[in-house]
Amino acid sequence: MLLTAIVFLPTLGALTLLLLDRRDEDRLRGVALWVSIAAFLVSVHLWILFERGRSGMQFVERYAWIPVSGITYHLGVDGISLLLVLLTTFLMPLCLLSAWSQITTRVKEFLIAMLLLETAMLGVFVALDLFLFFVFWEAMLIPMYLVIGVWGGPRRIYAAVKFILYTMLGSALMLLAILVLYYLQGRQTGVYTFDYPTIARMTLEPGIQVPLFLAFALAFAIKVPMFPFHTWLPDAHVEAPTAGSVILAGVLLKMGTYGFVRFCLPLFPHASAVFAPAIFVLAVIGILYGAWVSMVQPDLKKLIAYSSVSHLGFVMLGLFALNAQGVQGGILQMVNHGLSTGALFLLVGMIYERRHSRLIADFGGLWAVVPLFSAVFLFVTLSSIGLPGLNGFVGEFLILVGAFQVSRLFAVLGTLGIIFAAVYMLWMYQRVAFGPVRHEESRHLPDLGAREIATLAPILLLILWVGVYPKPFTAVMEASVAELIAVVKAKAGLPIGAWWLP
């Protein structure tokens, strides 16, 4: 029952908030924070109990839910999903802390939406029944739509509707593909079920794999978001409140990359091998396009949003290299992106709260005014560009090693993305933190307070931990990744990798 406890503790907290007086805002915030901390502590317990070196699902819970339709309440984690469960429960308390003074209207509703969102995200990462997975996938949309549409910026309705329309387009095709899998499973075995491990054992003809892969891939590519399905992301990030931006970048985008790993690769190995070159091309375009567009952004939030397109291109490059280094690097980079970009959005939110502007041109000389903020900002900026010794370097290095085994050309193009990232991030930092103080409003800004330090410190420690000693994070996924690659290679029916090698 450990997974059920982690998934539904936030919902229990949301129900508790319903019983409290909406005028007692500090109490509401405190209850939500402690519930999210409890969920994190339970997930740490899960991390401790998890057996390293063992592939397959652990902590499995399976009960009949709607037997007449073959729908089960089936949960489990392996080394891949465990890291994302930890990332989700780690970031949620920090998001709630960041919103402590930023969200002042409809506080009760905001906290309930965030806790329900946490349940839906956790459910996506642990669901082992395709129907249950789809329910959690769709359930996530409602609270996220509200977070953007109610507590967002001036164009929040436009951004929220765009987010919903894009995501639902992909979801509709994925639902259709799930129903086709259900039908095919029943026709082959006589047992109609949505149970994921059962369906994963089914043999699918190459001809049927291609359309099913494309239906799943479109849903996941929109959520990643991969180029050219990324246009909803900058609007959603710019308009969302800080907590929404952090959870969007930190966790929601990972649901797309996780979907590729969990469903596209093992369910459709032949189609994955067929489309791997195309994914490689789109990933590299995303890396370079995201970097170039980031360079010209005047708004800090928009710059970080476009940098996510570039960083997640690296993740896709690693996943579809289909070798141990690439896949491990891609999964680790999901976590790294959640930490670094999440911290960047927190910092932008903190400076916006003081200055009421996110335009780079409105800053300059912040190092002299708010040195602690500027030092933390520099640390996170360096982690985002992959400085050795910090988390980003480990993931990007593994991805490039994996990609190099497949295509030297695309590995080199990917490396250019790292150089461009250093250019636009350091240029942004130089304009914000160095030089003279150009605006009178910036001269008397307060430095980081105790609550803000408490919000950022855990992320900074983790950035350093992953950068210096990544073994605990790579070791937990080694067996799961090895099993995944073995399954894809055994069932693909095509040679994996070396598509463009001379």
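Me: How many aromatic pairs does the structure hold?
Reply: There are 31 aromatic pairs in this predicted model. Rings of Phe, Tyr and Trp (its six-membered ring) pair if their centres lie within 6.5 Å; planes under 30 degrees apart count as stacked, over 60 as edge-to-face and the rest as tilted.

Me: What kind of pair do Phe163 and Trp232 form?
Reply: Phe163 and Trp232 form a tilted pair, at 5.5 Å centre to centre and with 55° between the planes. The pair links distant parts of the chain, 69 residues apart: Phe163 is in helix α7 (residues 156-189) and Trp232 in helix α10 (residues 232-239). Helices (H or I, at least four residues) and strands (E, at least two) are DSSP runs, numbered from the N terminus.

Me: Are Phe163 and Trp232 buried or exposed?
Reply: Phe163 and Trp232 are both buried. Buried means under 20% relative accessible area, exposed over 50%, and partly exposed in between (1.4 Å probe, protein chains only).

Me: Why does the pair of Phe220 and Phe263 count as stacked?
Reply: The planes of Phe220 and Phe263 are at 20° and the ring centres 6.3 Å apart, so the pair is stacked. Phe220 belongs to helix α9 (residues 206-223) and Phe263 to helix α11 (residues 242-267), so this pair ties together parts 43 residues apart in sequence. Phe220 and Phe263 are buried.

Me: Which residues do ring pairs link into a cluster?
Reply: The cluster consists of Phe133, Trp137, Tyr196, Phe216, Phe220, Phe260, Phe263, Phe268 and Phe320.

Me: Which charged ends sit over rings?
Reply: Among them, the charged end of Arg431 sits over the ring of Trp427, 3.7 Å from its centre. The charged end of Arg358 sits over the ring of Tyr352, at 5.4 Å from the centre. The criterion is that NZ of Lys or CZ of Arg is within 6 Å of the ring centre and within 35 degrees of the ring normal.

Me: Changing topic: where is His311, and what does His311 touch?
Reply: His311 lies in helix α13 (residues 300-319). At 5% relative accessibility, His311 counts as buried. Leaving out residues up to four places away in sequence, His311 touches His337, Thr341, Ser384, Glu396 and Tyr424. Contact means heavy atoms within 4.5 Å.

Me: And where is Thr455?
Reply: Thr455 is in helix α19 (residues 450-468), and counts as buried at 1% relative accessibility. Thr455 touches Leu94, Leu97, Ser98, Leu346 and Met350, not counting residues up to four places away in sequence.

Me: What about the whole protein: how many helices and strands?
Reply: The protein has 20 helices and two strands. Of its 502 residues, 62% count as buried. The C-alpha trace spans about 75 × 60 × 40 Å along the principal axes.

Me: What is the mean pLDDT of the protein?
Reply: The mean pLDDT is 91, and 98% of the residues reach 70 or more; pLDDT is the predictor's confidence in each residue, from 0 to 100. Among the elements, α10 has the lowest mean pLDDT (86), whereas helix α4 (residues 107-126) has the highest (96).

Me: Which conventions apply here?
Reply: Residues are numbered from 1 along each chain as its sequence is written, and side-chain values use heavy atoms, with hydrogens and water left out. As this is a predicted model, local features need pLDDT of at least 70 and side-chain atom pairs count only at pLDDT 80 or more, while totals for chains, interfaces and linings use all residues.
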